[in-house]
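Visitor: I have a structure to look at and some quick questions. Can you put it up?
Guide: Here it is.

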Amino acid sequence: MPDPLLTAAPDATRPVRLGVHGSSHLASRVITAAGHSSHEVEFVPYEVAEPFRPLRARALDVMIVKYAVQEPDIVVSRPVAFDGRALIVGKEHPLADRDTVSIEEAARYDCFRCPGDFPPYVWDRVVPPHTPSGTPLRRIHRMTTVKAMVGVLAAGQAVHVSFQSLGAMLPPHIRAVPIHDLPPAPVSLAWLRDVDLLPRAAILVADAERSAEQ
């Protein structure tokens, strides 16, 4: 009798193409918690300035997103993880040696504005327009790629209000300092509404949702 894996369509047997930004550390954590192997997944990077372009071009099956993405052509899973907040700074920055920082302290320094086609309503959650006390965050630096952001941070006293998972891929001269007064960001999986998920991608999403609820 023929082996079903050998006779199945190529799309049915290939790894799930999972879109990640920056580090794949967070995605690996989600996959492992769901009881799956990294061999089942191909990590495909996407840029923050064009976060949904690879998904809409059908170059991805699913992608990692944070907060409540509200795009009409995209479906978002229930939260599958949470990512703690962090302030990304150069090692010579006045806040670099702190164990934790407050978003109120971060507001003393210039940070990054919403990049390219990134949804402004999500960027307002990533880099809030103002602190809980009402102090505006000066969102002035241009955000393009992680490499370019690192260059800006290393060259002066700019900061990036971001996530602890980014620390896994930062060079030694850049630090991720936890922000203690911003709540962790909900992490979800997203896919195109009008495209049927591959069976193995659908199973991964369901298992990730189920593991997060336990």
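Guide: Phe118 and Trp123 are both buried. Keep in mind that this is a predicted model.

Visitor: How are the rings of Phe118 and Trp123 arranged as a pair?
Guide: They are edge-to-face, with 5.4 Å from centre to centre and 80° between the planes.

Visitor: How many aromatic pairs are there by this rule?
Guide: The count is two. Tyr67 and Phe163 also form a pair, with ring centres 6.3 Å apart. Their planes are at 45°, so this pair is tilted.

Visitor: Where do Tyr67 and Phe163 lie?
Guide: Tyr67 is in the loop between β3 and β4, while Phe163 belongs to strand β9. The pair therefore ties together parts that are 96 residues apart in sequence.

Visitor: Are Tyr67 and Phe163 buried or exposed?
Guide: Both are buried.

Visitor: Which charged end sits over the ring of Phe163?
Guide: That of Lys66, 4.5 Å from the ring centre.

Visitor: New topic. Which residues of helix α3 are buried?
Guide: In α3, which covers residues 25–33, they are Leu26, Ala27, Val30 and Ile31. Seen down the helix axis, these buried residues fall within an arc of 135°, so they line one face of α3.

Visitor: Why would residues three or four places apart point the same way?
Guide: Because an α-helix has 3.6 residues a turn.

Visitor: What do the buried residues of α3 pack against?
Guide: They pack against the strands β1, β2, β3, β5 and β11, and against helix α8.

Visitor: And which exposed residues are on the face of α3 turned away from the buried side?
Guide: Thr32 and Ala33 are carried there.

Visitor: What follows α3?
Guide: Gly35 follows, and its phi is positive, near 85°.

Visitor: Is Cys111 buried or exposed?
Guide: Cys111 is buried, with a relative accessible area of 1%.

Visitor: What about the relative accessible area of Cys114?
Guide: For Cys114 the value is 28%, so this cysteine counts as partly exposed.

Note on methods
Residues are numbered from 1 along each chain as its sequence is written. This is a predicted model: local features need pLDDT of at least 70, side-chain atom pairs count only at pLDDT 80 or more; totals for chains, interfaces and linings use all residues. Side-chain values use heavy atoms; hydrogens and water are left out. Buried means under 20% relative accessible area, exposed over 50%, partly exposed in between (1.4 Å probe, protein chains only). Helices (H or I, at least four residues) and strands (E, at least two) are DSSP runs, numbered from the N terminus. The arc is that of the directions from the helix axis to the C-beta atoms. Contact means heavy atoms within 4.5 Å. Rings of Phe, Tyr and Trp (its six-membered ring) pair if their centres lie within 6.5 Å; planes under 30 degrees apart count as stacked, over 60 as edge-to-face and the rest as tilted. A charge sits over a ring if NZ of Lys or CZ of Arg is within 6 Å of the ring centre and within 35 degrees of the ring normal.
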